[in-house]
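Let's take a walk through this structure together, one region at a time. Have the viewer ready, and follow along as we go.

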Amino acid sequence: MMKKDRLYALTLYLLNHGKTSASDLAKHFEVSVRTIQRDIDALCQAGIPVCAFTGTNGGYEILSDFKMNSQLASNDEYAYIATAINGLKTVTNNPVADDIYEKITAISKNSNIGMILDFSALREGDEKLLQTLQSAVKNKKVVRFTYTNNGGETRQHCVEPIAVIYKWYAWYMLAYNTAKQDYRTYKLVRMEDVCITEDEFSNEHKSAQDILNDCDNSYQGKVISTRVRMRCRGNAIHRIKEYLNGQLIEMFDDGSAIMEVYIVEKEQWWIGVVLSQGKEVEIIEPEHIKERIINSAKDILFLYDKL
């Protein structure tokens, strides 16, 4: 990254993240601490009010009343933003997204990046639920709802919603459970009778991204990503690659292949994908995933044996 570009990126980073240590900035921009110190000096000379704080919690921070010029991006960059906003429209049908899209496209002057994002398949069937939860997040209001867990048990919950997230092939709400005093995710399709209460948040929370980073690769304290190896034959090789993002590990003379995929055990749809391939897919490891597929197949056979 050229120095001019790095200075611009450094300014945006400090505006978006607040006080940050020199070592963290150096790590983020992949330069030395000394280089960051020189960059900060350059920003100060350019008139950008960067304050330096010493001590254990020291770092650099731009004064809160500093504003960037409104022309932050080029026409092509605004076109990328418009494309992303247009994709968001296909998910939520939110009129606010429509307004933003109109404003951005006016700025981008019809620049074309040659890409369309259509996420309409990600809708939960009721866009009002997404809008309700977004409203609760914005206004910092407690949400009450009835929730059915993976075991079929139904309970009422009152939580402080942090964000609505599309992850692990489904929509979730990231929230702070005051009863359990920890952050949890709730699958939207399992939520019923959702309403926003008048109760405000009990305390301030970090950003949703920071919370997710603290719990990276975890689901309520449990590892959620599991590596699975399978032997695939025929068209199943291409289907596993397409549907489960399978990676080819080894190819054999008989046309079969060892594929490696990463699945979320809490989810169910990958089981259907594997079972739908019939005898063309054989789970090799881990053993507990193999047993899960075997038991699912036995349940299907038992159902039809009764007929």
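Predicted model: local features only at pLDDT ≥ 70, side-chain atom pairs only at ≥ 80, totals over all residues.

On the H6 side, the buried residues are Glu127, Leu129, Leu130, Leu133 and Ala136. The helix itself covers residues 127–139; at 1.5 Å a residue, its 13 residues should span 18 Å, and the end C-alpha atoms are 19 Å apart, which agrees.

Just after H6 comes Lys140, with a positive phi of about 55°. Lys140 is not a glycine, and its place is the loop between H6 and E3. Its relative accessible area of 37% makes Lys140 partly exposed. Now look at strand E7, where you will find Asp193. Asp193 also is not a glycine and has a positive phi of about 55°, but this residue is exposed, at a relative accessible area of 62%.

Next, turn to the largest nonpolar core, which has 19 residues; Met230, Cys232, Ile240, Trp270 and Val274 touch the most other members. Two or more residues each come from strands E10 (225–232), E12 (257–264) and E13 (281–285), and from helices H8 (236–244), H9 (269–276) and H10 (287–305). Val274 shows how these pieces meet: beyond its neighbours within four places in sequence, Val274 contacts Met230, Leu244, Val281, Ile283 and Ile293.

One last stop is the loop between E13 and H10, which holds Pro286. The peptide bond joining Glu285 and Pro286 is cis, with omega about 0°.

Key: Residues numbered from 1 in each chain as written. Heavy atoms only, no water. Core = buried A, V, L, I, M, F, W, Y, C linked by side-chain atoms within 4.5 Å. Buried < 20%, exposed > 50% of the residue type's maximum accessible area, 1.4 Å probe, protein only. Helix = DSSP H or I, 4+ residues; strand = E, 2+ residues; numbered from the N terminus. Contact = heavy atoms within 4.5 Å. Expected span 1.5 Å × (residues − 1).
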